[in-house]
Amino acid sequence: MNNYQNRKNAGTGFVRRAYTRKKVCRFCADKNLKIDYKDSRLMRNFVSERGKIMPRRITGNCAYHQRRVSKAIKISRTVSIMPYTSVNI
Ligand SMILES: [Zn+2]
């Protein structure tokens with residue numbers, strides 16, 4: 001065993017990921033949950049404070065639903081439900 005592996009497996013076996021739970025796509029988990037551009041409450045979950053769309057590694061969405069979400073956010077921006085940016089928070 002080389003030095004790198006020693007360091008990685010030192011301690012209790014938790015390797016740096018102790019606090020990251022396995023995320024599951026919300027839309028796959030709940031079939032009743034619909035992606036709707038008019039639902040700003042739902043869309044807000046996938047947008048940062050400044051109005052940017054969150055990446056998939058943070059939201060935990062699957063590729064299919066992340067695509068749907070980002071499209072829905074973009075639509076809701078054009079009909080001014082969601083902001084493009086919020087400069088003063
Ligand atoms: Zn999904």
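How many residues does helix α5 have, and how far does the helix reach from its first C-alpha to its last? I looked this up before anything else.

**Entry: ground rules.** I am working on a predicted model, where local features need pLDDT of at least 70, side-chain atom pairs count only at pLDDT 80 or more, and totals for chains, interfaces and linings use all residues. Residues are numbered from 1 along each chain as its sequence is written.

**Entry: helix α5.** I find 16 residues in α5, residues 63-78. The helix reaches 23 Å, close to the 22 Å expected at 1.5 Å a residue; the expected span is 1.5 Å times one less than the number of residues.

**Entry: the whole protein.** I list five helices and zero strands, in the order α-α-α-α-α from the N terminus. Both kinds of element are DSSP runs numbered from the N terminus, helices being H or I with at least four residues and strands E with at least two. I note that 12% of the 89 residues count as buried. A residue is buried if 20 or more other C-beta atoms lie within 10 Å of its own, exposed if 12 or fewer, and partly exposed in between, with C-beta atoms placed from the backbone. Among contacts with a separation of 6 or more, 66% join residues 24 or more positions apart; a contact means C-beta atoms, placed from the backbone, within 7 Å.

Entry: I checked which residues of α5 are buried and found Q66, V69, S70, A72 and I73. They line one face of the helix, because seen down the axis they fall within an arc of 160°, taken over the directions from the helix axis to the C-beta atoms. Their cover includes α3 (40-43) and α4 (56-59). On the face turned away from the buried side I find the exposed residues A63, Y64, K71 and T78.

**Entry: the core.** I record eight residues in the largest nonpolar core: Y37, M43, F46, V47, V69, A72, I73 and M82. α5 gives the most to this core, with three residues. Such a core is a set of buried Ala, Val, Leu, Ile, Met, Phe, Trp, Tyr and Cys residues joined through C-beta atoms within 7 Å. I then looked at M82, which touches S40, M43, V47, G51, I73, S76 and R77, leaving out residues up to four places away in sequence.

**Entry: after α5.** Is S80 buried or exposed? I count S80 as exposed, because it has 8 C-beta neighbours inside 10 Å. S80 lies in the segment after α5. Its phi is positive, about 55°, although S80 is not a glycine. Most residues other than glycine have a negative phi.

Methods
Two residues are in contact if their C-beta atoms, placed from the backbone, lie within 7 Å.
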